[in-house]
There are 2 protein chains.
Amino acid sequence: MKLITRYTDYAVRALCYIARHQDKKVTVTELVTNLKIPKSFLRKTLQLLNKKGVLKSYKGKFGGFVLALPEDKIYLADLIEIFQGPLKLNECRLKKAICPNINKCLLKKKIDIASRRLLSEIRSINLKSLIK
Amino acid sequence: MKLITRYTDYAVRALCYIARHQDKKVTVTELVTNLKIPKSFLRKTLQLLNKKGVLKSYKGKFGGFVLALPEDKIYLADLIEIFQGPLKLNECRLKKAICPNINKCLLKKKIDIASRRLLSEIRSINLKSLIK
DNA sequence: ACAAATGATACTATTATGGTATCATTATAA
DNA sequence: TTATAATGATACCATAATAGTATCATTTGT
């Protein structure tokens, strides 16, 4: 049971590094040597962050990545959604079928209540709070 | 991102049914017709619950399953642990390696804090509260 | 033109989850 | 004592999600 996957984890680490070096464009090569993350994997990660407007990329020689948003506007919740889909803990296990039993729904309801606070806290964590 | 898997879900449903029929032993066949859960899968599920001391089984003709504990002593948290492993939301993504960077740990710390309440609520949900 | 960067994309590997099948064992009742 | 109906143990397969790799195309500064 994991709230964040490696994608998200790597993204956070890379973003923290980039946030600490905002005086320049950061290349994948630089990130790899500092963070020990597989290069191809990291490239995919950053490309997606670029597409989603979290990073801004510069192609060509002396290119690299910079933050596209201020540190306090990059939320962990958004990163989780980008790499792992909707931030929900109780996705119904019965895809299309109508849930045939009341217990299940009662279970779902209780999980909903229990997870509410977690989700709101996750939504409040931003990059700024992760780099100080 | 899911807090409970099908195993746990099925277990909850089966337990709810068994709890509502404590006057008799409940067979897998009966559960299958009532809950529409694949038979082999459900058998495995119940066998594990038996091993873990949540259900008590009776072999042989006219055998079946009964609760091994009172309804209010069967916790959702225990079921999750039985079928999905330790109830943690922040399992470190770096198996053996020492985490090489402080961000990751700060991230972990924050997730810890955010998930604390969820976990304690999950630990308070018992079978009794799921069948009324 | 070259070099160094990202973009796009396709492919593979591994793990977790979900599901099936089969033979062995047990206990009851006729 | 035998047939039957139940669980026990276990091995196997299928699918999906996650993790990771590789390659060619494109861009851009010198």
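Predicted model: local features only at pLDDT ≥ 70, side-chain atom pairs only at ≥ 80, totals over all residues.

**Entry 1: chain A on its own.** Of its 132 residues, 30% count as buried. I then listed the secondary structure and found six helices and two strands in chain A. In sequence order the pattern reads α-α-α-β-β-α-α-α. Chain A is more spread out than a compact globule, because its radius of gyration is 18 Å, well over the 14 Å from the globule rule for 132 residues. I also took the extent of the C-alpha trace of chain A along its principal axes, which is about 60 × 30 × 25 Å. For contacts in chain A with a separation of 6 or more, I noted that 61% join residues 24 or more positions apart.

**Entry 2: chain A against chain B.** I looked up the contacts between the two chains: 33 residues of chain A are in contact with 33 residues of chain B. On the chain A side, α1, α5 (102-124) and α6 (127-131) each supply at least two residues. Which element gives the largest share of that side? I found that α5(A) does, with 12 residues. I sorted the residues on the side of chain A that touches chain B into 16 nonpolar, five polar and 12 charged.

**Entry 3: DNA strand C.** I found 27 residues around DNA strand C, and the closest are A:S57, B:T5, B:P38, B:S40 and B:G60. The largest share is four residues, from α3(A). By class I noted six nonpolar, 12 polar and nine charged residues near DNA strand C.

**Entry 4: DNA strand D.** I repeated the look-up for DNA strand D. The elements giving two or more residues are α1 (6-20) and α3 of chain A, along with α2 (28-35), α3 and β2 (64-67) of chain B. Which element gives the most to the surface near DNA strand D? I have α3(B), with four residues. The residues near DNA strand D divide into six nonpolar, 12 polar and nine charged.

Technical notes: Residues numbered from 1 in each chain as written. Chains lettered and ligands numbered in written order. Near = placed C-beta within 6 Å. Nonpolar A, V, L, I, M, F, W, Y, C, P; charged D, E, K, R; others polar. Rg over C-alpha atoms; globule rule 2.2 N^0.38 Å. Buried ≥ 20, exposed ≤ 12 C-beta atoms within 10 Å, placed from the backbone. Contact = placed C-beta atoms within 7 Å.
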